[in-house]
Amino acid sequence: MNQDEMKREVARAAIEYVETDTVIGVGTGSTANYFIDELANIKGRIEGTVASSNASAERLKGHGIPVYNLNDVGDIGLYVDGADETTRHLQLTKGGGGALTREKIVAAASEKFVCIVDDTKVVDILGAFPLPIEVIPMARSYVARQVVKLGGEPVLREGFTTDNGNLILDVHGLSIMEPSRLEAQLNNIPGVVTNGLFAMDPADVLLVGSSSGVETVR
Ligand code: 5RP
C-alpha cells in the first residue's frame, strides 16, 4: 500500500466515529481531504460540518455537504483531522497546511478529536517536522528573535498568508522534549496567534494507517 492508499484507508476508518444527525468538525490537508470524500458517501446521515479552513469548506461544499460557521452551532461531537507528526501519546505537530489556528479552535470546540495519519507520521520525539507558528504580520521579526532564544531556527513561509490574514514561521532544529511546556511558552510570546503543537490538549483517538491495516491508539 502506498502513502495515499494508507491515508484513504485511515480516513475511511474514521467514518465509524460519525454519529447520525450530528455536526462534524473537519480538518485540513490531504488526509482530511480523503475524510471529506468519505463523508460525501454518507452526507444524508449528518446534519453538516464546521471546516477548519477555506480550502476544506470549498471541498465540502463541492460535495454538497452543508458547512456551518462555528458561531452558529453548539459544541461539536467529533473533529477529524490529520497531523504532520504524532507521538504514541497522541501529542501532535500540525499546521503544515497553515490552518493550525482554526484547527486548534475547532478541535477545542469538539468533544472528541480523532486524528488520522499514515505510519510515516508516527515519531518518538516531535520536532523533525518544522513547527509552524502563526504570527501577526507586524510581530514577525520580534517573534522570530524570541524563537531563536528558545533554540529554534524560524523560517518565514514565503508567499503564504493564512485564512486569518497572518504569516507562518516554520521553526526548524527543535527536538521537543516537553511539548506542553513549549506550546505554552510559544503561545505566551506577544504576536503569536498560536503554534502547531497539540500537546496540552492532545488527540483523543489516533488512527494509524499502515500496509498491515489501521491501528487504533488511545
Ligand atoms: C494542516 C494540517 C494537516 O493536518 C497536516 O499538515 C497533515 O497534512 P497531510 O494530511 O496533507 O499530510 O495540520 O494545517
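Biologist: How do the residues of the shell around the ligand divide into nonpolar, polar and charged?
Modeller: This is a predicted model. In the shell around the ligand, 10 residues are polar, 4 are nonpolar and 4 are charged.

Biologist: How many residues surround the ligand, and which are the closest?
Modeller: The ligand is surrounded by 18 residues, and the closest are G29, T31, G82, G96 and G97. The elements that give two or more residues to this shell are α2 and α4, the latter covering 100-108.

Biologist: Which element gives the most to that shell?
Modeller: That is α2, with 3 residues.

Biologist: Stay with α2, then. Which of its residues are buried?
Modeller: Helix α2 runs over residues 30-40, and its buried residues are T31, A32, Y34, F35, I36 and L39. T31 is also listed among the closest residues to the ligand.

Biologist: How far apart are the end C-alpha atoms of α1, and what span should its 12 residues have?
Modeller: The ends are 17 Å apart. At 1.5 Å a residue the 12 residues should span 16 Å, so the two values agree.

Biologist: Change of topic. How many helices and strands does the protein chain have?
Modeller: The chain has 6 helices and 13 strands. Its C-alpha atoms fill a box of roughly 50 × 40 × 30 Å along the principal axes.

Biologist: What radius of gyration would a compact globule with 218 residues have, and what does the chain have?
Modeller: A compact globule of 218 residues would come out near 17 Å. The chain has 17 Å, so it agrees with that expectation.

Biologist: What share of the residues is buried?
Modeller: Buried residues are 47% of the 218. As for contacts, take those between residues at least 6 apart in sequence: 72% of them join residues at least 24 apart.

Biologist: What domains does the assignment give?
Modeller: The domain assignment gives domain 1 as 3-122 + 200-217 and domain 2 as 131-195. Their centres, taken over C-alpha atoms, are separated by 24 Å.

Biologist: How many residues are in contact between domain 1 and domain 2?
Modeller: There are 13 residues of domain 1 in contact with 15 residues of domain 2. On the domain 1 side, α4 gives the most, with 4 residues. That side has 8 polar, 3 nonpolar and 2 charged residues.

Biologist: Now some single residues. Where is S52, and why does it count as buried?
Modeller: S52 is in the loop between β2 (48-51) and α3. It counts as buried because it has 29 C-beta neighbours inside 10 Å, and the cut-off for buried is 20 or more.

Biologist: What does S52 touch?
Modeller: Leaving out residues up to four places away in sequence, S52 touches V26, G27, T28, D81, A99, R102, E103 and V106.

Biologist: What about L78, is it buried or exposed?
Modeller: L78 is buried, because 21 other C-beta atoms lie within 10 Å. L78 is in strand β3. Its contacts, not counting residues up to four places away in sequence, are Y17, V18, T22, I24, G25, S110, K112 and V114.

Biologist: How far is L78 from T49?
Modeller: Their C-alpha atoms are separated by 9.9 Å, and the two residues are 29 residues apart along the chain.

Biologist: Last topic, backbone angles. What is the phi of D21?
Modeller: D21 has a positive phi of about 60°, although D21 is not a glycine. Most residues other than glycine have a negative phi. D21 lies in the loop between α1 and β1 and counts as exposed, because it has 7 C-beta neighbours inside 10 Å.

Biologist: And what is the phi of L90?
Modeller: Phi of L90 is positive too, near 70°. L90 is in the loop between β4 (85-86) and β5 (92-93). With 18 C-beta neighbours inside 10 Å, L90 counts as partly exposed.

Technical notes. Residues are numbered from 1 along each chain as its sequence is written. This is a predicted model: local features need pLDDT of at least 70, side-chain atom pairs count only at pLDDT 80 or more; totals for chains, interfaces and linings use all residues. A residue is buried if 20 or more other C-beta atoms lie within 10 Å of its own, exposed if 12 or fewer, and partly exposed in between; C-beta atoms are placed from the backbone. The radius of gyration is taken over C-alpha atoms; the globule rule is 2.2 Å times the number of residues to the power 0.38. Two residues are in contact if their C-beta atoms, placed from the backbone, lie within 7 Å. A residue is near a molecule or strand if its C-beta atom, placed from the backbone, lies within 6 Å of it. Ala, Val, Leu, Ile, Met, Phe, Trp, Tyr, Cys and Pro count as nonpolar, Asp, Glu, Lys and Arg as charged, and the others, Gly among them, as polar. Domain bounds come from an automatic or database domain assignment. The expected span of a helix is 1.5 Å times one less than its number of residues.
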